[in-house]
Amino acid sequence: MHRRAFIATAAAGGLVALGFDAFGSSPSASPLAIHKALKIGMITGGATLSEKFAIAREAGFAGVELDAPAEVDAEELADAKQSSGVVVPGVVNSAHWSKPLNHQDESVREEGLAAFEQAIRDANAWCDRGVGQFSFAPTVLLVPAVVDGTKSYDEAYDLSIRGIARVLPLAKELGVQIAIENVWNNFLLSPVEAARYVDELNEIAGDTVVGWYLDVGNLWRYGWPTHWVRALGSRIMRLDIKAYSRAKADSEGKWAGFGAEIGDGDIDWAATRRALSSVGFTGWAVAEVGGGDLERLQSISARLDRVLGLG
């Protein structure tokens, strides 16, 4: 579903956030209709998908993102979703770091592209497309390229555009959206460039197939969330939520900045919420931090509520 259509559907439904009633949250507590999810790898308890999804629900999450391509038993996944009421809103490409679309070796690029195509097929097979009055398109989170001393920026741009363009017909046919994430890959470092990149791909597709997976914590090292939100606007399909402390990074090293818990870093969440509201964002906010048992996940869920103003 197009983002505009999704927003229109949400408005028609009174902006009752997906899964909020079932998970004990009130949508009226915030101008943002945010639906909470987490990555499957964060759930350390439970031996089966049904047990893991039950833990996610008890912790207060409405969705779980899976990795793809991956070995997932379709029947087990269906049982897990039915028994818990938890949905799968999207998948994370599991090959984009090891086999980036701008790898120097063409055979590795082809392997990465094949994995990307399979991730799109997996998203179509595994993901949900709505609950109640709310509809949403499944997403595949993609890191499009990696720039370093051996991989140039201009080649990363050209090769990744060409690679993604090859899968756009499949994604469009299956109704799966591609969500580009800002990570520390030394690529697409400006929100203006990120918007241009998305628009270029959608022009090739002739439809809104590509958008942005905005990772607020990742960009805080070199930017400001409000700038990215306003530049990207309706291109934002998903949010990844983690914290980052520049002060901690300055004193202990850049990676130490991620040691802050959600809400304890120096990100201005109130300003970020206002920016998201100004561009009409509604959809999934996905925790991406160190997980653990039920108690740990409940703490993460509560922190998401606080920074996103959900209750």
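Q: Which residue of E6 does Gly90 stand opposite?

A: Gly90 stands opposite Thr139 in E6. Helices and strands here are DSSP runs, helices being H or I with at least four residues and strands E with at least two, numbered from the N terminus. The model is a predicted one, in which local features need pLDDT of at least 70 and side-chain atom pairs count only at pLDDT 80 or more, while totals for chains, interfaces and linings use all residues. Residues are numbered from 1 along each chain as its sequence is written, and side-chain values use heavy atoms, with hydrogens and water left out.

Q: How many bridges join strand E3 to strand E6?

A: Two strands pair if DSSP finds at least two bridges between them. Strand E3 (residues 90-93) and strand E6 (residues 139-142) run parallel and are joined by three bridges. E3 also pairs with strand E2 (residues 63-68), again in the parallel sense over three bridges. There, Ala68 has Asn93 of E3 as its bridge partner.

Q: What do these strands form together, and how does the pairing run?

A: Eight strands make a closed barrel in the order E1-E2-E3-E6-E7-E8-E9-E10, with parallel pairing. From one strand to the next, the twist averages 30°, where axes are lines fitted to C-alpha atoms, for helices over the stretch in contact, and angles run from 0 to 180 degrees between N-to-C directions. Helix H8 (residues 225-232) packs on the sheet and touches strand E8 (210-215) and strand E9 (236-241). The direction of H8 makes about 170° with that of E8. The protein chain has eleven helices and ten strands in total.

Q: Which strands pair with E1?

A: E1 pairs with strand E10 (residues 283-287) in the parallel sense over five bridges, and Leu38 stands opposite Ala287 in E10. E1 is also joined to E2 by three bridges, again running parallel; Ala37 has Gly63 of E2 as its bridge partner.

Q: Are the residues of E1 buried or exposed?

A: Buried means under 20% relative accessible area, exposed over 50% and partly exposed in between, with a 1.4 Å probe and protein chains only. In strand E1 (residues 34-39), six of the six residues are buried. Ile34, Lys36 and Leu38 point one way from the strand, whereas His35, Ala37 and Lys39 point the other way. E3 can be read likewise: Gly90 and Val92 point one way, Val91 and Asn93 the other, and all are buried. Across the protein chain, buried residues make up 55% of the 311 residues.

Q: Where is Pro89, and which residues does Pro89 touch?

A: Pro89 lies in the loop between helix H3 (74-84) and E3. With a relative accessibility of 0%, Pro89 counts as buried. Contact means heavy atoms within 4.5 Å. Not counting residues up to four places away in sequence, Pro89 touches several residues, including Ala37, Gly63, Thr139, Arg238 and Trp284. Pro89 and Gly63 are 26 residues apart along the chain, yet 6.3 Å separates their C-alpha atoms. For the protein chain, 77% of the contacts with a separation of 6 or more come from residues 24 or more positions apart.

Q: How is a pair of aromatic rings described?

A: Such a pair is described by the distance of the centres and the angle of the planes. Rings of Phe, Tyr and Trp (its six-membered ring) pair if their centres lie within 6.5 Å; planes under 30 degrees apart count as stacked, over 60 as edge-to-face and the rest as tilted. The count by this rule is eleven aromatic pairs. In one of these pairs, the centres of Trp184 and Trp255 are 4.6 Å apart and the planes stand at 50°, so the pair is tilted. Trp184 is in the loop between strand E7 (177-181) and helix H6 (191-205), and Trp255 is in the loop between helix H9 (246-252) and helix H10 (269-278), 71 residues apart. Trp184 is buried at 16%, whereas Trp255 is exposed at 56% relative accessibility.
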